[in-house]
Amino acid sequence: MQTLDWREAWSAALDELELDVTAVESMLADEQRHAESPPANLWKPPTELGALPLELRPRADEILTRQLAAAEEIARRLTSNRQQMSVTARIETGEAVKRPVYLDRAM
């Protein structure tokens, strides 16, 4: 009976982790929603589960692959945002720019 509980505990942990990955993937797909409601609860690994049952390994590997893909997409978007901010910072808006009007050569 304890073996069944162990597998169920791992299965529940993977369910929770998969929901977290699905939430990140859906936020990446819908930028507007992510901006309005960032994630409230981050996934925390359960404690004292022991080793992962071998039959759950393929599922865990698939979740890990999805996590890595989501992390890569987040990194790509962060880089893109930085590049856009850099370009935007160089655009003159026509507003009064605080630049020196004269150069004091006496110094």
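1. **What you are looking at.** This is a predicted model, so a few ground rules apply: local features need pLDDT of at least 70, side-chain atom pairs count only at pLDDT 80 or more, and totals for chains, interfaces and linings use all residues. Residues are numbered from 1 along each chain as its sequence is written, and side-chain values use heavy atoms, with hydrogens and water left out.

2. **The overall layout.** The protein has three helices and zero strands, and the order from the N terminus is α-α-α. Both kinds of element are DSSP runs numbered from the N terminus: helices are H or I with at least four residues, strands are E with at least two. Helix 3 covers residues 57-90. Its 34 residues should span 50 Å at 1.5 Å a residue, and the end C-alpha atoms are 50 Å apart, which agrees. (The expected span is 1.5 Å times one less than the number of residues.) Take the contacts in the protein with a separation of 6 or more: residues 24 or more positions apart account for 84% of them.

3. **Surface and burial.** Of the 107 residues, 13% count as buried. Buried means under 20% relative accessible area, exposed means over 50%, and partly exposed is in between (1.4 Å probe, protein chains only). The protein exposes about 9200 Å², with carbon and sulfur atoms supplying 58% of it. These areas come from the Shrake-Rupley method with a 1.4 Å probe; for residues, only the protein chains shown count as cover.

4. **The core.** The largest nonpolar core has nine residues: W10, A13, L14, L17, V21, L49, L56, A60 and I63. Such a core is a set of buried Ala, Val, Leu, Ile, Met, Phe, Trp, Tyr and Cys residues joined through side-chain atoms within 4.5 Å. Helix 1 (2-29) and helix 3 are the elements that give two or more residues to this core, and helix 1 gives the most, with five. For a look at one member, pick L14: beyond its neighbours within four places in sequence, L14 is in contact with L52, L56, R59, A60 and I63. As background, nonpolar side chains tend to be buried together in soluble globular proteins.

5. **R66, a buried arginine.** Back to the opening residue. In helix 3, the buried residues are A60, I63, R66 and A70. R66 counts as buried at 17% relative accessibility. The side chain of R66 makes a polar contact with the side chain of T22 at 2.9 Å. (A polar contact is a pair of N or O atoms within 3.5 Å; within protein, one must be able to donate a hydrogen and the other to accept it, and residues adjacent in sequence count only if both atoms are side-chain atoms.)

6. The whole structure holds nine salt bridges, each being a side-chain nitrogen of Lys or Arg within 4 Å of a carboxyl oxygen of Asp or Glu. E18 pairs with R59, the closest N and O atoms being 2.9 Å apart. E18 lies in helix 1 and R59 in helix 3, so this pair ties together parts that are 41 residues apart in sequence. E18 is partly exposed at 22%, and R59 is partly exposed at 22%. R66 and E25 also meet in a salt bridge (2.7 Å, N to O), linking helix 3 to helix 1 across 41 residues. E25 is partly exposed, with a relative accessible area of 29%. Salt bridges that share partners join D15, E18, E25, R59, E62 and R66 into one network.

7. R7 forms a salt bridge with E55, with 2.1 Å between the closest N and O atoms. R7 lies in helix 1 and E55 in the loop between helix 2 (31-36) and helix 3, so the pair ties together parts that are 48 residues apart in sequence. R7 is partly exposed at 35%, and E55 is partly exposed at 44%. P53 is found in that loop between helix 2 and helix 3 too, but P53 is buried, with a relative accessible area of 1%. Leaving aside neighbours within four places in sequence, P53 is in contact with W6, R7 and W10. P53 and W6 are 47 residues apart in sequence and 8.2 Å apart in space, C-alpha to C-alpha.

Key
Contact means heavy atoms within 4.5 Å.
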